[in-house]
Amino acid sequence: MTTRTDAPTRREQILREAARLFAERGFHGVGVDEIGAAVGISGPGLYRHFAGKDAMLAELLVGISERLLDGGRRRVAESDGDPEALLSALIDGHIDFALNDRSLITLHDRELDRLRDAERKRVRQLQRQYVELWVDAVRRAYPSLDESDARAAVHAVFGLLNSTPHLGPAGTLADSPATAALLHRLARGAFAAAAPRTQEAPAGAPVAGAPAAG
């Protein structure tokens, strides 16, 4: 589901096509046979990999929540205590997800409530941990920003970055490095705008209220 260089397994191929079809036509608008046809196997052959569509949906939504949190924790460990490097790395990591897994954003927005209670609670738990990781990173970069404002800013930036399904189909501008760079600048600008004006912005970060370079 995420960017990788080695060939995906059959299970990953099934999940990728299921996510695409569910996002395009809705969970109930897609049959097992159609998912099988998309990966070149019979519908019944899918049951060697998944118990059914519900199992695919659960693995998609729980799986991406786990990968986002794991990736965030890895970036914390790799930042070596540098708050500026950490925040930039977190933003870049989420942008990579938002550009390459847009179908999962749509799927989460539309189909999360179809998960069983335990699976939905697991997704929410993972998401809360991911948010708190970001809140801590933002407050390290902007120490004068209080916790509630930092959390509000994080949710606002997630809303911004997760808007990528509206930018167009795969293979268009939304996949370009220029779009990734734009999203990064917008995210940093949002955090800078949330910070009190008395705080000096981290090196390289946008300054709230400053005119754009032109």
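Modeller: pLDDT is the predictor's confidence in each residue, from 0 to 100. In this predicted model the mean pLDDT of the protein chain is 88, and 86% of its residues reach 70 or more. Local features need pLDDT of at least 70, side-chain atom pairs count only at pLDDT 80 or more, and totals for chains, interfaces and linings use all residues. Residues are numbered from 1 along each chain as its sequence is written, and side-chain values use heavy atoms, without hydrogens and water.

Biologist: Why are tyrosine 130 and phenylalanine 158 called a stacked pair?

Modeller: Rings of Phe, Tyr and Trp (its six-membered ring) pair if their centres lie within 6.5 Å; planes under 30 degrees apart count as stacked, over 60 as edge-to-face and the rest as tilted. Tyrosine 130 and phenylalanine 158 are 5.5 Å apart centre to centre with 5° between the planes, so they count as stacked.

Biologist: What makes the pair of tryptophan 134 and phenylalanine 191 tilted?

Modeller: The centres are 6.4 Å apart and the planes 40°, so the pair is neither stacked nor edge-to-face. Tryptophan 134 lies in helix H6 and phenylalanine 191 in helix H8, so the pair ties together parts 57 residues apart in sequence.

Terms used:
Helix = DSSP H or I, 4+ residues; strand = E, 2+ residues; numbered from the N terminus.
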